[in-house]
Protein chains: 6
Amino acid sequence: MEEKKIATQSTKISMSEMVMPNDTNNLNTLFGGKLMYWMDMAAAICAHKHTSNVVVTASVDNITFKAPIHKGDIVTLNAFITRVFNTSMEIFIEVTAQNSNKKEKIESNTAFFTFVALNQKSKPIKVNEIYPENKNDKKLFDGALRRRQLRLILAGKMKPKDANELKSIFN
Amino acid sequence: MEEKKIATQSTKISMSEMVMPNDTNNLNTLFGGKLMYWMDMAAAICAHKHTSNVVVTASVDNITFKAPIHKGDIVTLNAFITRVFNTSMEIFIEVTAQNSNKKEKIESNTAFFTFVALNQKSKPIKVNEIYPENKNDKKLFDGALRRRQLRLILAGKMKPKDANELKSIFN
Amino acid sequence: MEEKKIATQSTKISMSEMVMPNDTNNLNTLFGGKLMYWMDMAAAICAHKHTSNVVVTASVDNITFKAPIHKGDIVTLNAFITRVFNTSMEIFIEVTAQNSNKKEKIESNTAFFTFVALNQKSKPIKVNEIYPENKNDKKLFDGALRRRQLRLILAGKMKPKDANELKSIFN
Amino acid sequence: MEEKKIATQSTKISMSEMVMPNDTNNLNTLFGGKLMYWMDMAAAICAHKHTSNVVVTASVDNITFKAPIHKGDIVTLNAFITRVFNTSMEIFIEVTAQNSNKKEKIESNTAFFTFVALNQKSKPIKVNEIYPENKNDKKLFDGALRRRQLRLILAGKMKPKDANELKSIFN
Amino acid sequence: MEEKKIATQSTKISMSEMVMPNDTNNLNTLFGGKLMYWMDMAAAICAHKHTSNVVVTASVDNITFKAPIHKGDIVTLNAFITRVFNTSMEIFIEVTAQNSNKKEKIESNTAFFTFVALNQKSKPIKVNEIYPENKNDKKLFDGALRRRQLRLILAGKMKPKDANELKSIFN
Amino acid sequence: MEEKKIATQSTKISMSEMVMPNDTNNLNTLFGGKLMYWMDMAAAICAHKHTSNVVVTASVDNITFKAPIHKGDIVTLNAFITRVFNTSMEIFIEVTAQNSNKKEKIESNTAFFTFVALNQKSKPIKVNEIYPENKNDKKLFDGALRRRQLRLILAGKMKPKDANELKSIFN
């Protein structure tokens, strides 16, 4: 397949889920683990659509859970690729929940997942690049490098003192 | 319930799962999202046992997925509390997988989850403290403060320049 | 809540699913019943978002399953409301499947579901109207009356000879 | 396997399910999509038992959902083949629900599914014929032709004006 | 509700399941635990239909698993009450599996479950008696007393030397 | 793989589950069948870890369900091998449940499962022996012979009068 650079927003996918009883704890709010499962699935679908290969999760960045999501709520996950690094993709996921009784209330959550595309022998293969079209996507594209350094440090593959771009934010 | 400080290792729980067909992709390896779901469940069980209250996931730190886990493998998750911060707990999770054909091969993965205990009105309540007994647990206990600063920065609740303990590792 | 007429395309929702082993038969193709379950869920999410009430399936029109969908394929369901009949909504669902190996191949399936909105006493309540913006939505809006007559006949609530609009297509 | 014509009622199978929390909406009544899933599974089991081949859903006729079915209710699905059309079978499904508190209350729902039998190369194969034994089965057998015409029209494979048997019911 | 003695065979229910990938091990045969789950569900449905109360499993007798059941097989479970002991019911379950390729092959398994009916305060309540109509049901009815003694011994509620009926089979 | 006798307690595994809504009946207590499913899974994981082969359930002894387990409770299952009989293993399972509100309350249940290890041709293969280290494990090891006789009688493979060890407990 020949290289064909496409725009960030063309990789966007949407996924909706209804919060079922089995997804909730005894206060009737969604388990964090179930939301992470949906996030990973949304990211996988996004990555899979872009590459047409089997894709596997390489890492997930820190996620902070904000407002609780309730039984019966409809959870919408939007995912798109922010940047491609040769054989890996950083995917941005945005979660919104619509409360079943109060229509106007919208909560939100975001996360960054990194996926790798594999061939049938389970070896990483090159991913088609994407480019940011608008200002916001450009900001995510640029930040991807900094987040990548943080991941490498946290995985013990880079020394903090070598993470030049990341270090700059501490000053 | 009166305060009763207990040792880190007394909070340890173990959970085993067998990797089923529905947990895998087309290369027959475990979905990252499913492993995160199990990690969160193990952490929730650990936190729940310690507090006897409903517990919810507040955040999960960066997770890097190393070796693939295969269909039929047995995944064992060990979880224990590393440190209590008033109403929240940091929980360390260690994942090992035993390949169904090659007995000796053991892969591993680790993660830190933060949980909050809630009362019946969904308000955070104080969690009984724990103390580290051995050298390794002491190291995890001490590092908890640094990881907490990183979480606060990533959640936008602390400025990088104020994260004194964290900054030190970049020099 | 005051009446506020909104456009057909504003009610549109999207849902993506990956075909798992448990969703398939021994030829590794998706069960019809699982696809119907997803269709109903997509329609329910669409209807629920529009009304902010509990919604229940009143009927589903004839569905013909065309091309088989395979294990690992990504199924995308788009649903929107075509017409509101006082307390009921007709919802159009379009299904496309992306084969995991052959990126270009897109199969498709469509269906019409009818949903009713209920209050907390399980009584039907009025649904906000929608209007068609473009030519295609106008065609679906107009056809809704004919399909409604066919449903009433098939449910034994209308005599074929009284279905004036429907009869016309047989001549 | 040699041809052996068997009676309609010999193809009958029965399936019982208990309505679980995850099968219900916020009014504690069964999702239409879950009932359709069970109907398709009952029809598939019936078709599979008759042919000993992999069977796939070709189409489902209009279904109208009557009375709501509640959490904890026991749903019984009876399915049998009404008529064989070379490589396809029309299957009639009758659903009854027993309310867990009021023993006497029995609700009901019916549907027609069409299945096709496939060989290991996914090609349709001939299905053994069945014959109606009693008056009711004879009526279903005769009506199968009319329903088949309606399906072909709705799938766009027949023009309404050519559906002679179906047209007659409008006069 | 007044007492109304009904015949054993009138309590019979049937349940069919298709063996899915997630129900099987790496040799593609059904997990014993999944079959036990289905057996318990069939017995619960049978007991529930007879009493119209919530029913809970009190005990299950020794089960020996004979022939393996394969992926894609259709498993049929027939269950009926053999005898009522005031607030408890002994239920006989017979399992047959039809291999998806070889139509004629029928394997079988049997088990005895004991259920108790509970009122809304979770207290055991009296169950309507049943009577055996035919020779086989009479044999099961008589044997129920002996099996009950064995259960009481195994649960530590009866001393072996007091189990007169059971002792007789050892001589 | 060479024979290497290991101690009973080295085969021990632990599994924790949280009781979800779908695992419960209308009194919010755990289904017996679900607990049996978890018991079988815990036993399978234990047997699988010991042999590194596919293992299948050969039989389960009588189980008596004592105290009800509630929604939200954490169920812990500990399993270890009590004795090896050439190609089969007897596994002891102990279940404890921690009530989510009353920390101190611990209920318990026990069971014996027998598993067989199979090679890739589904033929039974020899299992490495285990030996009891402490008094309690020795007692379980000795009792295994008696329980095995009872199983053989109940499966119709041994005549009661030949079960010498078992007979002795009736006098």
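Student: How many residues does the contact take from chain A and from chain B?
Tutor: The contact (heavy atoms within 4.5 Å) draws on 40 residues from chain A and 40 residues from chain B. This is a predicted model, where local features need pLDDT of at least 70, side-chain atom pairs count only at pLDDT 80 or more, and totals for chains, interfaces and linings use all residues. Residues are numbered from 1 along each chain as its sequence is written, chains are lettered from A in the order in which they are written, and side-chain values use heavy atoms, with hydrogens and water left out.
Student: What area do chain A and chain B bury between them?
Tutor: They bury about 3300 Å², 71% of it on carbon and sulfur atoms, where buried area is the accessible area (1.4 Å probe) lost on being put together, summed over both parts.
Student: And how many salt bridges cross the interface of chain A and chain B?
Tutor: The rule, a side-chain nitrogen of Lys or Arg within 4 Å of a carboxyl oxygen of Asp or Glu, finds zero salt bridges there.
Student: What about the classes on chain A's side?
Tutor: The side of chain A that touches chain B has 22 nonpolar, twelve polar and six charged residues, with Gly counted as polar and Tyr, Cys and Pro among the nonpolar ones.
Student: Switching topic, which residue is the bridge partner of Val60(A) in E4(B)?
Tutor: That partner is Ile63(B).
Student: Where are chain B and chain D relative to each other?
Tutor: Chain B and chain D do not touch, and their nearest C-alpha atoms are 18 Å apart.

Terms used: Buried area = accessible area lost by both parts, 1.4 Å probe. Pairing = 2+ DSSP bridges. Helix = DSSP H or I, 4+ residues; strand = E, 2+ residues; numbered from the N terminus.
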